[in-house]
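Please keep the sequence and the structure in view while reading.

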Amino acid sequence: MLDSVHGPTSYTSGACAYRRKAVIGDCTLYLADCERILPTLEHMSAVVTDPPYGIGASAGVGKYGLMKWGGHADLKWDDAAPSPEVLDTILRAADYHIIWGVNYLPLPPARCVLVWDKGACFRNRYFAEAELAWTSLDRPVKIFTRDPLARKDYHRGRDHPTQKPVQLLDWCLSLLPAGCDTILDPFMGSGTTGVACVKAGKRFVGIERELRYFEAACRRIGEARQRPSLLDVGRV
Ligand SMILES: C[S@@+](CC[C@H](N)C(=O)[O-])C[C@H]1O[C@@H](n2cnc3c(N)ncnc32)[C@H](O)[C@@H]1O
């Protein structure tokens, strides 16, 4: 399942920009700060990513902590959104881009914003009824409807507090122009973009700073390669 794992166990001052590297089929996963490693990577067809929004979701989703998510409050992964400089590096890393959280990020106007309509279960509650992605695609606004509560995407045992449904990422990949075969996710979390890339037969490079989520991504992507027919149900 895991073809190779190598790398130093801690940052070194110069040469090595990652703490660990895992190669799983056509997927290469880095345990690293994307700021350090992005300049060392090859140019990719597309970035498909879901960065931290800087709203403190790691301490409890929403700033009032209405939905404490057991066991992960020690990780401060959502304290800050990526800076304009990091976003600029990410935009230069690929030809096309799909970046979730546009309402929290300093990005320019876009023709094609993607809307994830979360459906009836999210109407008139504290939480957002939809999520928005910025894209550099030359097409009209697109809407994907999937109710994560009704579809049981937010089940106990998921690997990341803001884990996206695999089906949402399947849809994102389907919107990219033909020939977009190498996909980068610099904020991969539990590797949902990578799972969708395995399903779609695309090469994937993922970067994650937290060991717990990096290990979850390795496991999920390995499982996706072994059991593609089970991808739409259960843990993935
Ligand atoms: C919103 S979450 C992504 C969740 C993902 N979409 C999923 O389905 O699991 C953003 C992730 O980016 C990671 N992160 C934050 N800053 C980072 C950085 N500078 N480099 C790499 N990863 C980072 C966080 O640890 C967090 O897991």
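A nonpolar core is a set of buried Ala, Val, Leu, Ile, Met, Phe, Trp, Tyr and Cys residues joined through C-beta atoms within 7 Å. The model described here is predicted, and its chain has five helices and ten strands.

**The chain and its core**
- Of the 236 residues in the chain, 34% are buried.
- Among contacts between residues at least 6 apart in sequence, 64% join residues at least 24 apart.
- The largest nonpolar core has 48 residues, and those with the most contacts inside it are Leu29, Met44, Val47, Ala217 and Ile221.
- Helix H5 gives this core its largest share, which is seven residues.

**Helix H5**
- Helix H5 covers residues 211-226, and from its first C-alpha to its last it reaches 23 Å, close to the 22 Å expected at 1.5 Å a residue.
- The buried residues of H5 include Tyr213, Phe214, Ala217 and Ile221, and among the elements that cover the buried residues of this helix are strands E2 and E3, helix H4 and strand E10.
- Leaving aside its neighbours within four places in sequence, Ile221 is in contact with Ile24, Cys27, Gly191, Gly194, Val195 and Val198.

**Around the ligand**
- Of the 20 residues around the ligand, Trp77, Phe187, Gly189, Ser190 and Thr192 come nearest.
- Helix H1 (34-37) and strand E10 (203-208) are the elements that give two or more residues to this shell.
- By class, the shell has seven nonpolar, six polar and seven charged residues.

Key: Residues are numbered from 1 along each chain as its sequence is written. This is a predicted model: local features need pLDDT of at least 70, side-chain atom pairs count only at pLDDT 80 or more; totals for chains, interfaces and linings use all residues. A residue is near a molecule or strand if its C-beta atom, placed from the backbone, lies within 6 Å of it. Helices (H or I, at least four residues) and strands (E, at least two) are DSSP runs, numbered from the N terminus. Ala, Val, Leu, Ile, Met, Phe, Trp, Tyr, Cys and Pro count as nonpolar, Asp, Glu, Lys and Arg as charged, and the others, Gly among them, as polar. The expected span of a helix is 1.5 Å times one less than its number of residues. A residue is buried if 20 or more other C-beta atoms lie within 10 Å of its own, exposed if 12 or fewer, and partly exposed in between; C-beta atoms are placed from the backbone. Two residues are in contact if their C-beta atoms, placed from the backbone, lie within 7 Å.
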